[in-house]
Amino acid sequence: MMKKILLGTSAIVGASVLLAAPVWAAEKPKLEMDGYLRFEAWGSDQDIDPNDNSRGVGFQMDDVEIHFRGSAKADNGLEYGFYVELQEGGSDSKVGYDEANVFLSGGWGRLEMGSQDGVHNTWKLGAWSISADKDGAWDGDNGSTMIGGMNSAYIGTDFLNGDDANKISYYTPSFSGFQLAVSYTPDTGDQFNSDFSSDEGKGGIKGTQSNQIGVAGRYAATFNGVGVEANARYVRGDYEGNGTIEYEDAEAYGGGLKISYAGFSVAGSYQDQGDSGLTTTNKDAGYDAGSWWDVGVAYKTGPYGVSVVYMQSEANDGGADDDEVSWLQVGAGYAAAPGLDFYAAYRYIDLDDGGTDDSKDSEANMFLVGTQVSF
């Protein structure tokens, strides 16, 4: 029902906008470009490395992105345009085109169509968002490939999966600081080119969802110099089985809050993924998809910034107790010039495996320095 309502609403909005009046514009959208590149040097020391995969020191291009965008406005007030993102492979295992969409917007809101993030991940907010160092964003595997010791409690800030899949998203106008959004994804495994076939019975890739619907809301306002930002987000979808194995529906929810005043910021968030993707057997055995929370404080004055962020996540993959990850990061940043940032951070990670084998438990200390050039 929700899918039909969303598709119908999108069709009505699109038709009313396009048919209201001729949409000729003075000229086509002009191309604009921006992006950033980030280089890091790090060193780590881990008491137990189960995978024995750490040299203890390394260099990396932590993230490289180039964004192309353009927009124009028609005579009837309709704004339209596009967004294309290129990304290297190290940051999220993708090379080349990462996202692309076209959009229409006006007083009625904004409609985006293409390979893009769902609204439940576009509007995420947490302690990592105020980190003074550019590497402060907890993404579920940040550091694990360098220091090993991964367990099931590594959960990213994004809900489940399906980001960058083909979808339509609608954002309402902002009313007194409040705004709502909804997105619909027919198949989270389809990006750019796709077809109408279902993945049901094709090997049962558990990560593929059909009819994924995300909703989100946010609020932003300033009262006597105190800035307040808050959000809530929810997503659900149907995991496609292989004909013999059925999986629990994908379902996750969470929210975040940020308060800022006179250079100080405090932020935190919570996320729960429930039983998403579990088989009936695993669910009955006490497995879960995990949850996490974070809290942080930051201070910025002029080009200088410092922050402390703490995150804890837990999930059960069949152990006697939950797997847990505790993550503490102290960071500092310095904006040396327009588009040039330097930063440093100390990170402590405590990996606690929920099983009875203590050899899988581990602690790690990590130091990094980096620079980002933005354009």
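Modeller: Buried means under 20% relative accessible area, exposed means over 50%, and partly exposed is in between. The model here is predicted.

Biologist: Is phenylalanine 375 buried, partly exposed or exposed, and which class does its relative accessible area give?

Modeller: Phenylalanine 375 sits in the segment after strand 16 (362–374). Its relative accessible area is 42%.

Biologist: Which residues make the nonpolar surface patch of about 610 Å²?

Modeller: Strand 1 (32–46) and strand 2 (57–73) each supply at least two of its residues. Strand 1 gives the most, with three. The patch is made by Met33, Leu37, Phe39, Phe59, Met61 and Phe375.

Biologist: Which side chain does the side chain of glutamine 372 join in a polar contact of 3.1 Å?

Modeller: Glutamine 372 belongs to strand 16. The 3.1 Å polar contact runs from its side chain to that of serine 374.

Biologist: How many aromatic pairs are there, by centres within 6.5 Å?

Modeller: Rings of Phe, Tyr and Trp pair if their centres lie within 6.5 Å. By this rule, the count is eight.

Biologist: What kind of pair do tryptophan 293 and tyrosine 310 form?

Modeller: The ring centres of tryptophan 293 and tyrosine 310 are 5.5 Å apart, with planes at 55 degrees. The pair links distant parts of the chain, from strand 12 (residues 291–301) to strand 13 (residues 304–315). Planes under 30 degrees apart count as stacked, over 60 as edge-to-face and the rest as tilted. At 55 degrees, the pair of tryptophan 293 and tyrosine 310 is therefore tilted.

Biologist: And what kind of pair do tyrosine 304 and tyrosine 334 form?

Modeller: The centres of the tyrosine 304 and tyrosine 334 rings are 5.0 Å apart. Tyrosine 304 lies in strand 13 and tyrosine 334 in strand 14 (residues 323–337), so the pair ties together parts 30 residues apart in sequence. The planes are at 25 degrees, so this pair is stacked.

Biologist: What share of the 375 residues is buried?

Modeller: The protein has five helices and 16 strands. Its buried residues make up 45%.

Notes:
Residues are numbered from 1 along each chain as its sequence is written. This is a predicted model: local features need pLDDT of at least 70, side-chain atom pairs count only at pLDDT 80 or more; totals for chains, interfaces and linings use all residues. Side-chain values use heavy atoms; hydrogens and water are left out. Patches are made of residues with over 30% relative accessible area and no salt bridge: like charges are joined within 9 Å, nonpolar side chains (Val, Leu, Ile, Met, Phe, Trp, Tyr) within 5 Å. Accessible areas come from the Shrake-Rupley method with a 1.4 Å probe; for residues, only the protein chains shown count as cover. A salt bridge is a side-chain nitrogen of Lys or Arg within 4 Å of a carboxyl oxygen of Asp or Glu. Helices (H or I, at least four residues) and strands (E, at least two) are DSSP runs, numbered from the N terminus. Buried means under 20% relative accessible area, exposed over 50%, partly exposed in between (1.4 Å probe, protein chains only). A polar contact is a pair of N or O atoms within 3.5 Å; within protein, one must be able to donate a hydrogen and the other to accept it, and residues adjacent in sequence count only if both atoms are side-chain atoms. Rings of Phe, Tyr and Trp (its six-membered ring) pair if their centres lie within 6.5 Å; planes under 30 degrees apart count as stacked, over 60 as edge-to-face and the rest as tilted.
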